[in-house]
Amino acid sequence: EAAHKLELTDAQKVEMGRDYAFAVSDDSLAANSVAIAKWERDNNINHGLGMFADGVNTPVRIKILMGELRQLPPGSRVLDYACGQGHYAELFARQNPHLHVVRTDISTESIEVGNQYLALNPLPNCELFTLAEFAKRMDDGGEQFDVAILGEVLEHVIDPQSLADLV
């Protein structure tokens, strides 16, 4: 709510228009996600714990979240919404085998890469779906989650409050 009340300078408006032009519609947001997935593939940036495996390079916000997730009771369901290839959710699932982690993203390409990785490195407590597949599952069965993680996503949505209201 406070963000909607901010008065932006002309320079800030230009910067927002330049840096977040991809978020003006669902179509432009989806196209941006495809472009990111293509860039990751072209630059051989693939799924996996990579630099997070040893915990040394894990961002502080993720370490704090990990501490909170460890306290959840066994069987708790965690949703990682807009997970990309799912590297953080993989970390959550591997280090918290008592949790069931569901990951979803709008980018079909990112989900394909994540599922290829899961096929080679199975995680029985982790699932990965495209946003369309996830929406169908929600419509069909009304899945419920104990925790929803929307890391690095709210700043990319046209109406963050609407998304927050859904959660």
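## Close-up views of a predicted model

**View 1. Leu-79 meets its partner in a neighbouring strand.** Leu-79 has Ala-148 as its bridge partner in strand β4. This view, like those that follow, comes from a predicted model. The two strands involved, β1 and β4 (residues 147-149), run parallel to each other and are joined by three bridges.

**View 2. Strand β1 also pairs with strand β2.** Here you can follow β1 (residues 77-81) alongside β2 (residues 100-105), a parallel pairing with five bridges. A handy place to start is Arg-77, whose bridge partner in β2 is His-100. To get from β1 to β2, the chain passes through helix α5 (residues 87-95), making a right-handed β-α-β crossover.

**View 3. Helix α5 and its surroundings.** Take a look at the buried residues of this helix: Tyr-88, Ala-89, Glu-90, Leu-91, Phe-92 and Ala-93. The buried residues of α5 pack against several elements, among them the strands β1, β2, β3 (126-130) and β4. Helices α4 and α6 (108-120) are also packing partners of these buried α5 residues.

**View 4. Helix α4 has a buried face.** In α4 (residues 60-70), the buried residues are Ile-62, Met-66, Gly-67 and Leu-69. Viewed down the helix axis, the buried residues of α4 lie within an arc of 165°, so they line one face of the helix.

View 5. Now for the face turned away from the buried side of α4, where you will find Val-60 and Ile-64, both exposed.

View 6. If you are wondering about disulfides, a search of the whole structure finds zero. Cys-83 takes part in none, and its nearest cysteine sulfur belongs to Cys-126, 8.4 Å away.

**View 7. How hidden are Cys-83 and Cys-126?** Cys-83 counts as buried because its relative accessibility is 9%, and the cut-off for buried is under 20%. Cys-126 is likewise counted as buried, with a relative accessibility of 8%.

Terms used:
Residues numbered from 1 in each chain as written. Predicted model: local features only at pLDDT ≥ 70, side-chain atom pairs only at ≥ 80, totals over all residues. Heavy atoms only, no water. Disulfide = S-S within 2.5 Å. Buried < 20%, exposed > 50% of the residue type's maximum accessible area, 1.4 Å probe, protein only. Pairing = 2+ DSSP bridges. Helix = DSSP H or I, 4+ residues; strand = E, 2+ residues; numbered from the N terminus. Right-handed = clockwise from strand over helix to strand, strands pointing away. Arc of directions from axis to C-beta. Contact = heavy atoms within 4.5 Å.
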